[in-house]
Number of protein chains: 2
Amino acid sequence: MYQQRKPALDARARILKALAHPSRLFILEVLEAGERCVCDLTEMIGSDVSTVSKHLSVLKQAGIVADQKRGNQVFYQLRVPCILNFFGCIETVLQSQARDHAATLSAVG
Amino acid sequence: MYQQRKPALDARARILKALAHPSRLFILEVLEAGERCVCDLTEMIGSDVSTVSKHLSVLKQAGIVADQKRGNQVFYQLRVPCILNFFGCIETVLQSQARDHAATLSAVG
DNA sequence: TGCCTATTTGGCTATATTGCCAAACAGGCA
DNA sequence: TGCCTGTTTGGCAATATAGCCAAATAGGCA
């Protein structure tokens, strides 16, 4: 049962893992508005360039962004914009958590 | 820029991390059809019960599933079914990867 | 109470991820 | 060529994750 589904689920999990980091989510939000060079993203995020470069390579490996070298800069762009639709549902989860939290507080208080 | 968005992005990343494991994705697929006890899920997955229990607790912590004790069994159910809509887009990513891979092979061959 | 089943928790090891620094690499330009 | 800027890669330490076993906990029932 599980073994049969495992290859497909592994593939999905790999994509989700690539998404599951705040800096990488931020990169996606920025790229939604258009391509950016590594230097721009680095400045916006405020980590070391090498760190940002590694985050970008994770997203690229996962097939979520594509890179293009122009001059001595590398520009990244979203390959799969639908990724961002995703987050409607995630917000649902977060809101229901917030409700629960509020309920817990009022039950305790 | 990033610092301002960080709390929201952390929250999203937390949810995505909870999803990013093949056994946990499998659990969600099974629960889509209705609630299940830990013992059922354990048998389907084929790992140690303690491992499955820990996966369930990750999903519960993230607010994605809810548990309910009845007798000496614990039943888990999906709290946020929209999570599953998610995967349409992920499949898009995977398909575009498959296309790239095929293109690479034919370019090489 | 005592035993059985179902589940969770603690502890451990192996592995993966993150982020920094330093070094390597690549393109542009004098 | 030599230098500067932008980017990636290697290496390391800190932290997190995964999975197993063993032990603790909880409910049902004799």
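A residue is counted as buried if 20 or more other C-beta atoms lie within 10 Å of its own, and as exposed if 12 or fewer do. By this criterion, in the predicted model described here, V52(B), H55(B), L56(B) and L59(B) of α4(B) are buried. These residues sit on the same side of α4(B), because the arc they cover around the axis is only 100°. Their packing partners are α1 (2-19), α2 (22-32), α3, β2 (65-70) and β3 of chain B. The exposed residues S50(B), K54(B), S57(B) and Q61(B) lie on the face of α4(B) turned away from its buried side. The helix α4(B) consists of 13 residues and spans 18 Å from its first C-alpha to its last, close to the 18 Å expected at 1.5 Å a residue. Just after α4(B), a positive phi of about 85° is found at G63(B).

The helix α4(B) also gives the most to the surface near DNA strand C, namely six residues. In total, 23 residues surround DNA strand C, and the closest are S50(A), C37(B), C39(B), S50(B) and S53(B). At least two residues each are supplied by α4 (49-61) of chain A and by α3 (38-45), α4 (49-61) and β3 (73-78) of chain B. By class, this surface has 12 polar, seven nonpolar and four charged residues.

The contact between the two protein chains involves 38 residues from chain A and 38 residues from chain B. On the side of chain A, two or more residues come from each of α1 (2-19), α2 (22-32), α3 (38-45) and α5 (87-108). The largest share, 12 residues, belongs to α1(A). This side of chain A comprises 25 nonpolar, seven polar and six charged residues.

Technical notes: Residues numbered from 1 in each chain as written. Chains lettered and ligands numbered in written order. Predicted model: local features only at pLDDT ≥ 70, side-chain atom pairs only at ≥ 80, totals over all residues. Contact = placed C-beta atoms within 7 Å. Helix = DSSP H or I, 4+ residues; strand = E, 2+ residues; numbered from the N terminus. Nonpolar A, V, L, I, M, F, W, Y, C, P; charged D, E, K, R; others polar. Near = placed C-beta within 6 Å. Expected span 1.5 Å × (residues − 1). Arc of directions from axis to C-beta.
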